[in-house]
Amino acid sequence: MPGLDELTGRVGEWRNWGRTAVATPSYVSRPGSIENVVRTVERARERGGTVKALGAGHSFTAISAPRDVAISPQHLGGLVTVDVDRKRVTLRAGTRLYEVPALLEPYGLAMENLGDIDKQTIAGAISTGTHGTGLGFGGIATQVVGATLVSGTGDVVTIGEDDPRLAAVALGLGALGVLVEVTVQCVDRFVLENTEHRVPLAETVEGFISTVRERDHFEFFWFPGTDVALTKTLTRHPGDHKRAPVGAVRRFVDDGLIGNGALLAVCELGRAVPSLTPRLLSLATSVAGERKATDYSADVFATDRGVRFRETEWAVPLENTMSAFAAVRELTESRDWNLTFPIEVRTAAADDLMLSTASGRDVGYIAAHRYYRDKDREFFGEVERIMIDHDGRPHWGKMHTRTADYFRAAYPRFGEFLAVRDELDPDRVFANDYLDAVLGR
Ligand SMILES: Cc1cc2nc3c(=O)[nH]c(=O)nc-3n(C[C@H](O)[C@H](O)[C@H](O)COP(=O)(O)OP(=O)(O)OC[C@H]3O[C@@H](n4cnc5c(N)ncnc54)[C@H](O)[C@@H]3O)c2cc1C
């Protein structure tokens, strides 16, 4: 399947970036037009089969694992239209996030907020609730003001801003149809100033709520066993603000420490000689000092993640964030897991999307990672238990074991989402094992 990120070399086998899901689709369709998407869906439906629209394979859960036919995003990218006055762009659903800045640049536009990386497709990112950080901003799906999809009955359905189904379709888990176009509300191109500090953990935890209320975008990383937080604060400025580009000071916490070489060394050395891990981590975090850079937003939001890992991430009500974090810290201190990846803490504004992890409440996100060669089940399982105790909702694209009964209680609008699913995909053409588990059949 050329055009996908993750190929094994074996014909037809698909696997995700995190190496947690593998599948062999019966057939891979690479449509370049809406008509051909319709044809693929109709054919599968006629013979009682299923269709999975693939993104970039960057979900850690098996949400994107095809059961039968797969639709590649390969020929479904690019810009469709721009409404300059309303600052809205319609993108084809397979457009990669890293392609978007160049598409928006001629119009002086940018996306309002983004996550840590830009490898995902726009459809994949919104479908799992991909988010960045900032209490004044929602996840990427909250920027969606319209979409066109091919439903499970093979109909081309355009969902506008006033259509109540948009609150399902904008974050639809891939369960409602094959998105072919997505309209995004953009903002004027802007500049972000990134300031990174190494701060005592206790101070960061104590000031967390006031900091996230004051700053545009704030997050911190904490390596288990250390007592410092590596904080990242982004401040928004108008597009003509003076820039001091990231390239000149590339060694951000994310890029220099978490993304690449230093962390890989810690992970591999720590695996070989676990007793070295605490010293390696304190050395690695001690060199992560004060850093600053200012550039156009997309260049600052997006970072590299060169070291393969696995992740579980949970949204808890904002006021629960620090007590959940404290419980995770206590957990890591009570076990001998030789953890080499950090815990990452972010926030998002409440929204009204039916299955958004921030639906109806401001949230704090707590993410736990493990190097992909290390065992994750016990650690992630214990983190999950803590998050459940803190009224948590798991990221749809990151590892968890919750099923439909849990989500029915966790999401007040869960029933509404299922009703939209019944309407748009009555025969469950878009089902896979993950969706059976989290939504029911
Ligand atoms: C290194 C790394 C960093 C990450 N950083 C963040 C982060 O900062 N914040 C965050 O929230 N998440 C993050 N994630 C998670 C990631 O953003 C999500 O899992 C996202 O869904 C991946 O997008 P994708 O294009 O790879 O979609 P996939 O994982 O391929 O698919 C996800 C879902 O989208 C559906 N889908 C894809 N295309 C279509 C379509 N055309 N129509 C309908 N459904 C479709 C799929 O069927 C599937 O259900 C990260 C993941 C990795 C591996």
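**The largest pocket**

Modeller: The lining of the largest pocket divides into 17 nonpolar, 21 polar and 11 charged residues (Asp, Glu, Lys and Arg count as charged; Gly counts as polar). This is a predicted model, where local features need pLDDT of at least 70 and side-chain atom pairs 80 or more, while totals for chains, interfaces and linings use all residues. Numbering runs from 1 along each chain, and side-chain values use heavy atoms, without hydrogens or water.

The largest pocket holds about 800 Å³ of space. Its lining counts 49 residues, and H58, S59, Q120, G124 and A125 are the closest to its centre (a pocket is an open set of 1 Å grid points where a 1.4 Å probe fits, with protein on both sides within 12 Å along at least five of seven lines; lining residues have an atom within 4 Å of a point). Helix 3 gives the largest share of this lining, four residues.

Around the ligand are 36 residues, the closest being A53, H58, S59, D116 and T128 (a heavy atom within 4 Å). That shell has 14 nonpolar, 17 polar and five charged residues. Helix 3 again gives the most, four residues.

Backbone atoms reach the ligand's oxygens. For G55, a backbone N or O atom lies at 3.0 Å from a ligand oxygen. For G124, that distance is 2.8 Å. Alone, the ligand exposes 960 Å², and the protein buries 98% of that (Shrake-Rupley, 1.4 Å probe).

Methods. Polar contact = N/O pair within 3.5 Å; in protein donor to acceptor, adjacent residues only side chain to side chain. Helix = DSSP H or I, 4+ residues; strand = E, 2+ residues; numbered from the N terminus. Points joined across faces, edges and corners; volume = space filled by probe spheres on them.
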